[in-house]
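User: Hi! I'm new to this one and would like a friendly tour. Could you put it on screen?
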Amino acid sequence: MSTTPSPSPSAARPTDPAAVRIGVLAPLTRPGWVEAGQHLLAGIELGTREVNATGGIAGRPLELVVRDTAADPEKSAAAVDELAGQGVAALVGEYHSVVARAAATRADALGLPYLCSSAVLDALTEQPTEWVARLSPPQSRGWRVYADHLLDTGHRRVAVATQPSVYWATGTRVLRDHFAAHGGTVVELDMTELAPAAVCDALLDQRATAFLLLVGHPEPAVPIVRAVRRDPRLAGVLLGAPAGQPEFTAWATALGADGTAIPFLRYLPERLTPLGTRTEADLRARLADAPSFVAFEGYDTIVVLAEALRAGGTDRAALAASWPRVEVEGTRGRISFSRTPGIGVRQWTWAPIQVVDRDPAEPDRFRVLRTG
């Protein structure tokens, strides 16, 4: 597992009155997905170091003010209040969708520009807002790409393991609607009622050919995978994890061969841009591990924010007004924002999407199964 990134030497000292202060939200302690938070922060810190090394924003360095959300929406909203009161010019980050939604709602209410790095929930805000922009693709688009992969590989009856969450419920609805439109069926197994061993019997009863893990990591995802993999009656059942649990090293460490051949979503292109190739090497050195797509999202967050600050300045209203004018080369393609029907925030419409899995013959290697 990657180590926690050390504070970036690029960040201005907190006492620097000239610094442009940027609030950062990331899950850095449990029950948050700590490895995702570490990768996100590593990308943000690397991007900040490089902006500062080239003169900052009109000669002013960026200073990161990091707050741990621990996957807690209330903690996130409180952090937004605190950061706004400290005079940050903008807010960036967060991985967990329900936490990012709380942050976006509060940022919108306070008039604080928020560039969401990695959360995908479509309804990031209840109403359209000019204050929030997002880099990651909306859940509806990504999960439809995932559903198409399952349909094209012959799966018409799919079971999902679920836990109570707006994110999981929304994902289940996307899958159910898309499968129904193509003659398929999605059945739900409530993991608040079933132990991992009972899941195996339920899968047999439902005659599902694919079983998707819409649950937290490592609990209960890891015990479920072990139970299904070790039940000979389910040898032909495909395991899937659209939320991306197998992306991180902790998954491979916990499950070994059992964690391979489990398709998941990640947000990388077929080829990184030249900037992405260079950044990949820097992130790998920083993390002592292969950088995940989340690390690239973090880096691209600062690339975009720096461009917006150069265009709109540090005035919050002017900065938010610059979202539609941003067009900049990131690590994963050219980034610009537009209005997407049904999405209340400024959206990078064509963020790259892949369905990948870990290769059973080489668990550290990812196989690209579909792009969208």
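User: Which residues have pLDDT under 50?
Analyst: In this predicted model, pLDDT (the predictor's confidence in each residue, from 0 to 100) stays under 50 over residues 1–13. For that stretch the model has 40 contacts beyond four places in sequence, where contact means heavy atoms within 4.5 Å.
User: And what is the mean pLDDT of the chain?
Analyst: The mean is 95, and 96% of the residues reach 70 or more.
User: Okay, strand 1 next. Is it mostly buried or exposed?
Analyst: Six of the seven residues of strand 1 (residues 20–26) are buried. Buried means under 20% relative accessible area, exposed over 50%, and partly exposed in between, using a 1.4 Å probe and protein chains only. Helices (H or I, at least four residues) and strands (E, at least two) are DSSP runs, numbered from the N terminus.
User: Which strands does strand 1 pair with?
Analyst: Strand 1 runs parallel to strand 2 (residues 62–68), joined by seven bridges, and I22 has L64 as its bridge partner there. Strand 1 also pairs in the parallel sense with strand 3 (residues 90–93) over four bridges, where V24 partners V92. Two strands count as paired if DSSP finds at least two bridges between them.
User: What do strand 1, helix 1 and strand 2 make?
Analyst: Together with helix 1 (residues 34–53), strands 1 and 2 form a right-handed β-α-β unit. Right-handed means that, with the strands pointing away from the viewer, the path from the first strand over the helix to the second runs clockwise.
User: Now helix 7. Which of its residues are buried?
Analyst: In helix 7 (residues 221–229), they are A221, V222, I224, V225 and V228. Seen down the helix axis, these buried residues fall within an arc of 160°, so they line one face of helix 7. The arc is that of the directions from the helix axis to the C-beta atoms.
User: What do they pack against?
Analyst: Their partners are strand 6 (157–162), helix 6 (196–206), strand 8 (210–214), strand 9 (238–240) and helix 8 (249–255).
User: In what order do the strands of the open sheet run?
Analyst: The four strands have the order 7-6-8-9, with parallel pairing. Strand 7 (185–190) and strand 9 are the edge strands, each pairing on one side only.
User: How does helix 7 lie on those strands?
Analyst: Helix 7 lies across strand 6, strand 8 and strand 9, running at about 165° to strand 8. Axes are lines fitted to C-alpha atoms, for helices over the stretch in contact, and angles run from 0 to 180 degrees between N-to-C directions.
User: Last one: is R207 buried or exposed?
Analyst: R207 is exposed, with a relative accessible area of 60%. R207 also has a positive phi of about 55° although it is not a glycine.

Terms used. Residues numbered from 1 in each chain as written. Predicted model: local features only at pLDDT ≥ 70, side-chain atom pairs only at ≥ 80, totals over all residues. Heavy atoms only, no water.
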